[in-house]
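Notebook open, structure viewer on.

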Amino acid sequence: MADHPRIDGYANALFEVARVEGSLDEVEDELFRFARTLEGSDELRGVLTDPAIPAERRKGVVDDLLGGKASAITSNLISFVVGAGRARDLPAIIGRLVDRAAAERSRAVAEVRSAIDLDDDQRTRLTAALEQATGKQIELKVIVDPSVLGGIVAQVGDTVIDGTVRHRLEQLRDRIG
């Protein structure tokens, strides 16, 4: 992973801009979704991290991708990081920002991967279950990831709770093999 002080510096700068603008919750959510999109797309990651592509062109890709789908603050923050040549660090930077925002609210972030999107009732019940399991107030971040096949995997800090079909199949394969 890239150097932590630089990632922390960017995360703190983005956090402060969003907080001062009064849109921390919205920007945090949009940045989180952008980071997951970036992690899931080799093509997007390739374009945004290619030093041979001029910074203005990479920022144009961000504008084209987010135009009308994210706030101007979010688009500008992502363009700033991409323009600075730090797109490769965006998921880590955003991860730190999300952790800091949750800590400001005295909460811990639970990153949950599910094969399908969860409805409000499922999110509420999952949040309650994770709060009971961890003893912490939870801020749920759901990532739709078809590779889990079914079920969910939740990570709160260093604790991973894996209830996915993929994990169960791996356990079965290990027992048989």
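I started with β3 and β4: they run antiparallel and are joined by 4 bridges. Keep in mind that this is a predicted model.

Next I checked β1 and β2. These two run parallel, with 7 bridges joining them. One pair I noted is Glu111, whose bridge partner in β2 is Lys141. A reminder to myself: strands in a sheet pair through backbone hydrogen bonds, and the pairing can be parallel or antiparallel.

Then I zoomed out. What is the order of the strands in the open sheet? I read it as β2-β1-β3-β4, 4 strands with mixed pairing.

Is β1 largely enclosed or left open? I found 5 of its 7 residues buried, so β1 is largely enclosed by the rest of the structure. I also saw helix α6 (residues 90–104) lying across β1 (108–114) and β2, at about 130° to β1.

Last stop, the surface. Leu149 sits in the loop between β2 (138–144) and β3 (152–156). I call Leu149 exposed because its relative accessible area is 54%, and the cut-off for exposed is over 50%. Leu149 belongs to a nonpolar surface patch with Val165, Leu169, Leu172 and Ile176. Together they have about 470 Å² of accessible area.

Methods:
Residues are numbered from 1 along each chain as its sequence is written. This is a predicted model: local features need pLDDT of at least 70, side-chain atom pairs count only at pLDDT 80 or more; totals for chains, interfaces and linings use all residues. Side-chain values use heavy atoms; hydrogens and water are left out. Patches are made of residues with over 30% relative accessible area and no salt bridge: like charges are joined within 9 Å, nonpolar side chains (Val, Leu, Ile, Met, Phe, Trp, Tyr) within 5 Å. Accessible areas come from the Shrake-Rupley method with a 1.4 Å probe; for residues, only the protein chains shown count as cover. A salt bridge is a side-chain nitrogen of Lys or Arg within 4 Å of a carboxyl oxygen of Asp or Glu. Buried means under 20% relative accessible area, exposed over 50%, partly exposed in between (1.4 Å probe, protein chains only). Two strands pair if DSSP finds at least two bridges between them. Contact means heavy atoms within 4.5 Å. Axes are lines fitted to C-alpha atoms, for helices over the stretch in contact, and angles run from 0 to 180 degrees between N-to-C directions.
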